[in-house]
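Trainee: I should like to learn how to read the features of a structural model in an orderly way. May we work through one case together?

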Amino acid sequence: MKTLQMEILKAHMYLMLLIPVYVAWRVSKLCKTRQGKPLDELIYGIAFCYFIFILSVTVIPDWTYADPYNTGDWIRVPGFSSPMTPNLIPFKSILMYLTGDIRVNEYDKFYVAAKNIIGNVLLFVPIGFFVPAICTTVE
């Protein structure tokens, strides 16, 4: 739960910077076309916030070191070149948990790997709703 709160806080900063740009862009587009439904605009706005959150969690680098044991000691996670680089290799961290490259209790390594996979699936499920709602011209 602490990790989710940290990710929301990190995404909050990006949202505060980008929402005014998004709103200005949508208002200028609506003023030019004079078309737009409130429900569609709500879906676009929520999808925009969701995609910013996804980018802040997955692609935008984390500027902090890791504290895997909640000790208050920030350490560099072994196996990653820098704490500021995103992990773009599929299953890299999961394999590191299973092979023991990242120190996890022997009994917890399958739990951590399963939790990571389930979290990734749940993180990307809304894309199945937003993409068809936004891309209505594709059949």
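Trainee: Does R26 count as buried or exposed?

Mentor: The model is a predicted one, and the class is read from the relative accessibility. Buried means under 20% relative accessible area. R26 has 12% relative accessibility and therefore counts as buried.

Trainee: With which residue does R26 form a salt bridge?

Mentor: For a salt bridge, one looks at the distance between a side-chain nitrogen and a carboxyl oxygen, with a cut-off of 4 Å. The partner of R26 is E41, and their closest N and O atoms are 2.6 Å apart. Because R26 lies in helix α1 (residues 2–33) and E41 in helix α2, the pair ties together parts that are 15 residues apart in sequence. The structure holds one salt bridge.

Trainee: Where is G36 found, and how many residues along the chain separate G36 from R26?

Mentor: G36 is in the loop between α1 and α2. Ten residues along the chain separate G36 and R26, and their C-alpha atoms are 9.8 Å apart. G36 counts as exposed because its relative accessibility is 53%.

Trainee: How many helices and how many strands does the protein chain have?

Mentor: The protein chain has five helices and zero strands. Read from the N terminus on, the order of elements is α-α-α-α-α. Of the 139 residues in the protein chain, 20% are buried.

Trainee: What span should the 21 residues of α2 have?

Mentor: The idea is to compare an expected span with the distance between the end C-alpha atoms. At 1.5 Å a residue, α2 should span 30 Å, and its end C-alpha atoms are 30 Å apart, so the two values agree.

Trainee: Which residues of α2 are buried?

Mentor: The buried residues in α2 are E41, I43, G45, A47, Y50, I52, F53, I54 and S56. Consider Y50, which has its place in this helix, residues 38–58. Its relative accessible area is 11%, so Y50 is buried.

Trainee: Where is the place of P126, and how far apart are the C-alpha atoms of P126 and F51?

Mentor: P126 is in the loop between α4 and α5 (127–134). Its C-alpha atom is separated by 9.7 Å from that of F51, at 75 residues along the chain. With a relative accessible area of 26%, P126 is partly exposed.

Trainee: How many aromatic pairs are there?

Mentor: Two rings pair if their centres lie within 6.5 Å, and planes over 60 degrees apart count as edge-to-face. By this rule there are six aromatic pairs. The ring centres of F129 and F130 are 5.2 Å apart and the planes stand at 65°, so this pair is edge-to-face. Ring pairs link Y50, F51, F129 and F130 into a cluster. F130 counts as buried because its relative accessibility is 6%.

Trainee: Which residues are buried in α4, and which are exposed on its other side?

Mentor: K109, A113 and L123 are buried in α4. They cover an arc of only 95° around the axis, which means that they are on the same side of α4. On the other side, F110, Y111, K115, I118 and L122 are exposed. As for length, α4 has 16 residues and reaches 23 Å from first to last C-alpha, close to the 22 Å expected.

Trainee: Which residues form the nonpolar patch on the surface, and which helix gives the most to the patch?

Mentor: The patch is formed by F91, L95, I117, I118, V121, L122 and V125, with about 690 Å² of accessible area together. Helix α4 (residues 109–124) gives the most, with four residues. L122, which lies in helix α4, counts as exposed because its relative accessibility is 57%.

Notes:
Residues are numbered from 1 along each chain as its sequence is written. This is a predicted model: local features need pLDDT of at least 70, side-chain atom pairs count only at pLDDT 80 or more; totals for chains, interfaces and linings use all residues. Side-chain values use heavy atoms; hydrogens and water are left out. Patches are made of residues with over 30% relative accessible area and no salt bridge: like charges are joined within 9 Å, nonpolar side chains (Val, Leu, Ile, Met, Phe, Trp, Tyr) within 5 Å. Accessible areas come from the Shrake-Rupley method with a 1.4 Å probe; for residues, only the protein chains shown count as cover. Helices (H or I, at least four residues) and strands (E, at least two) are DSSP runs, numbered from the N terminus. Buried means under 20% relative accessible area, exposed over 50%, partly exposed in between (1.4 Å probe, protein chains only). Rings of Phe, Tyr and Trp (its six-membered ring) pair if their centres lie within 6.5 Å; planes under 30 degrees apart count as stacked, over 60 as edge-to-face and the rest as tilted. The expected span of a helix is 1.5 Å times one less than its number of residues. The arc is that of the directions from the helix axis to the C-beta atoms.
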